[in-house]
Amino acid sequence: MVKLLHELQVHQVELDLQHEQLEQSREELTHAMVRYVERFDFAPVGYVAVDRDGKIIEGNLAAADLFGVEQAALSGRRIDSLITSETRLALLAMLKRLSNGGSRETCEAQVNGGGGVLRLCQIVATVSPSDRSLMIVFVETVDRKVLDPRT
């Protein structure tokens, strides 16, 4: 009985140590997730993840502001629907090059911002190595008032 009690106590100590390690790992993962969310959502450029069909999987706050929509409204929307018809072909050609094996592509396009304001953006896109989605960054290159069709 004493030997069995000792084995149970040793096992309990091992379980306690494993529990501490799991708690530490959980805490580290939580901090990593918070850092990721901060870097993604609060990045100073518009960032979207797009599936191979051109539908937005998710976008950050800067992208929502750039396109003049709520962040939640980005998901499921076609990326080319947010680009002016005059520059849509440049974006679609870039996406096609990525689908045909490209790893990093760039183009310029005018974005339909909120309130009818047009914004000229440099677009940089890469293929995600893990799930083959596209990671696209929009960097505004010209003062939006210059492109405002109302002026």
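Reader: What should I know before I start?
Author: This is a predicted model, so local features need pLDDT of at least 70, side-chain atom pairs count only at pLDDT 80 or more, and totals for chains, interfaces and linings use all residues. Residues are numbered from 1 along each chain as its sequence is written, and side-chain values use heavy atoms, with hydrogens and water left out.

Reader: OK, what order do the strands of the sheet have?
Author: The order is S2-S1-S5-S4-S3, in an open sheet of five strands with antiparallel pairing. Strands are DSSP runs of E, at least two residues; helices are runs of H or I, at least four; both are numbered from the N terminus. Two strands pair if DSSP finds at least two bridges between them.

Reader: Which strands stand at the edges?
Author: S2 (56–59) and S3 do. Each has a single partner strand, so one side of each lacks a neighbour in the sheet.

Reader: How many bridges join S1 to S2?
Author: Three, and the two strands run antiparallel. Val-48 stands opposite Gly-59 in S2. S1 and S2 form a hairpin with five residues between them. Gly-54, in the turn, has a positive phi of about 90 degrees.

Reader: And S4 to S5?
Author: Seven bridges there, again antiparallel. Cys-121 stands opposite Glu-140 in S5.

Reader: New topic. Which residues touch the most other members of the largest nonpolar core?
Author: Val-48, Phe-67, Ile-79, Ile-123, Ile-136 and Phe-138, out of 25 residues. Such a core is a set of buried Ala, Val, Leu, Ile, Met, Phe, Trp, Tyr and Cys residues joined through side-chain atoms within 4.5 Å. Buried means under 20% relative accessible area, exposed over 50%, partly exposed in between (1.4 Å probe, protein chains only).

Reader: Is Cys-107 buried or exposed? What about Cys-121?
Author: Cys-107 is buried, with a relative accessible area of 10%. Cys-121 is buried too, at 0%.
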